[in-house]
Amino acid sequence: MATGTLRFVAIRHKVRLVLFLFIYADSLRCQQFVIPFRAPADCGAQELFDISSLSCARCGSNQLGSSTGLTCVCKTGYRSVTTDKASLTCQLCPPDQPAVTKDGFGCIRCPGSLSDEGKCLCPPARVLVERDVSGKLLDEARCETCDGNISALSVPSSSGDRCERCQATFIDTSCMCNPPNILAGGLCFPPGSLPTNVNPSVTYAQLKFSVQSAWFVKNLYSSSAACLVFSNLTACQALGNMCVMNMHSFSGVSNDACGLFNSIFRSMAAVSSTQDISYWRANLPWLYYGDEPGLASRVLQTDPIPGGFSFRGKNKNNDIKLLAAVYNVRGEFLRWERLGGNTLQLCPETAIKQAAAYSFGTAYKESCELSVAELMDSHPEPLFYDVFLDLGGGENRKLLPLPTLVYNQQYNGRFVNQESMKNWYLSRRIFLVDMLSGREKSVSSQPKVIRVASSVKIRFQMVPRTQKGQVYPPLMIVTYTDVPITDINTQTVSTTFAVEYDMDQSEARIKTDTALGVMGGVAVLYSLLKTVSWKRRIASPLIDAGTMLKFLLFYAGDLANVFFAVTVGTGLYWLIFYKAQQFVSVLLPRPAQEEQFVTYIGCAFTLKAFQFLHKLVMQVSVDVFLIDWERPRSKSIRTVPGSSGEPKRDAAPVSIWRTYFVANEWNEIQTIRKISPTFQIMAVLFFLEVLGFSNLALRDPWSTLTRSSQAYTPPYSLILRYGLAATLWLCIGLLQVIFFTVFYEHFVEDKIRQFVDLCSISNVSVLLLPQRCFGYYIHGRSVHGHADTNMEELNNNLKREAESLCGQRGLLPNTDLQTFQVSLTNRLRSQYDRIREPLIRRNGPQRLIDASTANPFEQNIRAYHTMNHFLGSIIDHAHPDMDYIVKDKLVFERVIGMEFLEPSDKSIFYNDEAHSFSDVLFYGNEATLLIFDTLFFCVVDLGSQSFVLAAVLTYAQQMIFRLIRNFLGRKNLVNKTLVDERFLI
């Protein structure tokens, strides 16, 4: 019983324990760990900031927080006592020794006064001694005088606790810099060595004011004097740095930083130069190349650098190796630094992308917005760079100095480096960020203005006609931006780093302009020939405004073809020769140099658009008539109501359905093309975006189709992009045309020839007149005499025709040719117009319509039968005064598109096996449509830099113009053939 009770008690307590653990674990899981925020500045005078708990902790008795707030120190008059604990203990000094030693661990009696910190003070030029030579603490401190005479030449150290030898410039007979000597920057200068009224101002030309720089006030005179008098290397470098911070600018003031530097430079003319470079004087930094007129062009465009660059092969060399000598603002040499990564690039980017800047041939550009506050933290003092190109050479390693062009440099108030090259002043040393020279009150105060290198460009120029990748010395172009400080936490500054490549494009431009001039002249002649042909075809000998307009429209189309051929050829040339070269011989035009090329593309597109619209208007206004050869089969008659209400007898009518059927088929083939627009768009996008052909248009020499997402992607070249897109569009289009004409039309269906066959089966001929006296004729007269028949008779007729048991379909006996180009006489055309005149008047203004005329339907019927009878009789030679002959066209006539014979007495029917009547359809103008689509696609892409958007808009344009052509062509077909629109499907 007791055991059972005990088990029950244990189980009950076990359940409670499990419940407690669950509740405790749940509370731990739901707890939020929140601590109060404390900074060292938030702690009180008797507190320190505990870096372990990140909170304020109270100091011990007789203790205060240190100046940093991170430790505790004893109060004034208390010394530190060493204990075995980590905590600090402070003990009050006795009254007879009230001062605390400098180390804080002893109490001592002072020979003089005490400082605010409770330590002994000594008069100037004396040092405080608190211990003897063995380190034993003295009872009373002593103030010892340093011997400044020639026997010792010592002065107190900066800490004031020992004597040390005085600076070399003081050493004469004592360590005192007595008048008339000048004390500056801790140095003693002899009188008259340099005027003391130096100008410590820094000019900010963009902001149109100057700042009295605290750094210049402190160091300009001493650096200049030490450089001039003592040839102090560090001082000369510091002076050069101050000139660089003043933008290398010359002015009428000779006592500013650059004026002082140049005065010293000229004073050392007799001193030997450094490294055999006349612009680099001994002891001085090399800041300028010289001020001779035209020097920049001689430096940059005379002698190529040794060696050359190549993109491929065993001698591949495309690495740009830059090296820089780095100095701090005090003129101290810090290191040689290889320029790669973020040395000259302020924008934060990955190392892989930044390394692409130093791959020759890759157009590199990175831009960003930087916070002024972050720049102040990362660049408290400027660093200065003398940049060199590493030419290699193993043990005999050579360096080539990079000339620098500072856009902000002024010469007597002129920004000479923003003018032409003959006025440039090349320099050497640069900096990226200057947070120091814009401080007015002290070097530790907040700057009033900062100066940032907002643009750093390295430009390579190719040697003309080189085949070995030779380039001239690269030029570094630096542009600085002056930023007045208002709120450093919100202010930003933009910066750009770029590497550009240049090549003399004058020869290529001359060749392009020559090609345009020659081909443009040929286009003028060809357009004149077209205009003459057009005048002959409309039978008009007068040269009027309409003739000039027609010539301009013809010339627009031909000139568009010239621009298109030249631009596509140019783009393809750059694409092939730039991407495939081994040794560098050509470089892509810079974006500014591509503007003329883009203008040519715009001209080609605009002119081609005029030609396209001209052809569209011509097609939707062509004269069309369907000649029905069908006659009643028998003399059967029918009874119809007469005009007086009495019945009259008339011949049985001929069915109109065959004519409607031919009209519908003609309406359907008006917009067929030799290519599929949908397939064209999809194929082009597949190659450009899916297979990565678009990467071939990037401004780098690599022909790889795939690029890593982590690698740098250079900008696109407009020339390469246009050449690639246009070539690809044309190639796919031409392949479609070849497939359509060679395979599809022969083995699937040929809608043009099917239409001709349909005309023969329907016993309907088609007359097309795009010009007044010129057009096309499709002879559709049935060899069987009738087409209104049943299925059995139709099949029998076709079988007899296949077995050659009947005549042939041709216009002439024993021929099969059914299509002709027709050149009509003026008399025939006039008769044609007279028959159509009532209909034209009816479609004109209401004031010209005669109210007494018959209703429109009867007028249409009468005009249709009259025209059908007239044209049928013409074909049957029923009018001797309007007869015609049939002949072949000369080859030359076909080439130039003009007929030599004028149809004065008889019309001329030219045999046309090529079915040229398709010229009034989209089908016969595929070249114009293909070029127009190509230019439209390329223009949209160049404007948007998006192949997808260009494809979508091109497809939309094709569909819109197709709808317009169908709609207007349908209206024209109804008006010209007199077919009722309700029966056009």
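Student: Of the contacts in the chain with a separation of 6 or more, what share comes from residues 24 or more positions apart?
Tutor: 65%. Bear in mind that this is a predicted model.

Student: How many helices and strands does the chain have?
Tutor: There are 20 helices and 37 strands. The radius of gyration is 48 Å, well over the 30 Å that the globule rule gives for 985 residues, so the chain is more spread out than a compact globule. The C-alpha trace spans about 160 × 120 × 65 Å along its principal axes.

Student: What percentage of the residues count as buried?
Tutor: 47% of the 985.

Student: On to Asp623. Buried or exposed?
Tutor: Buried, because its relative accessibility is 11%, under the 20% cut-off. Asp623 sits in strand E30, residues 623-628.

Student: Which side chains make polar contacts with the Asp623 side chain?
Tutor: Arg829, at 2.8 Å, and Lys976, at 3.0 Å. Beyond its sequence neighbours within four places, Asp623 is also in contact with residues including Leu767, Leu768, Leu769 and Tyr832.

Student: And Glu926, where is that?
Tutor: In helix H19, which covers residues 926-944. Glu926 is buried too, with a relative accessible area of 5%.

Student: What lies 3.0 Å from a polar atom of its side chain?
Tutor: The backbone nitrogen of Lys674. Leaving out neighbours within four places in sequence, Glu926 is in contact with Arg673, Lys674, Ile675 and Val737.

Student: Last one, charges. How far apart are the mean positions of the positive and negative ones?
Tutor: 2 Å, for 95 positive and 88 negative charges.

Notes: Residues are numbered from 1 along each chain as its sequence is written. This is a predicted model: local features need pLDDT of at least 70, side-chain atom pairs count only at pLDDT 80 or more; totals for chains, interfaces and linings use all residues. Side-chain values use heavy atoms; hydrogens and water are left out. Helices (H or I, at least four residues) and strands (E, at least two) are DSSP runs, numbered from the N terminus. Buried means under 20% relative accessible area, exposed over 50%, partly exposed in between (1.4 Å probe, protein chains only). A polar contact is a pair of N or O atoms within 3.5 Å; within protein, one must be able to donate a hydrogen and the other to accept it, and residues adjacent in sequence count only if both atoms are side-chain atoms. Contact means heavy atoms within 4.5 Å. The radius of gyration is taken over C-alpha atoms; the globule rule is 2.2 Å times the number of residues to the power 0.38. Lys and Arg count as positive and Asp and Glu as negative; His and the chain ends are not counted. The place of a charge is taken as NZ of Lys, CZ of Arg, CG of Asp or CD of Glu.
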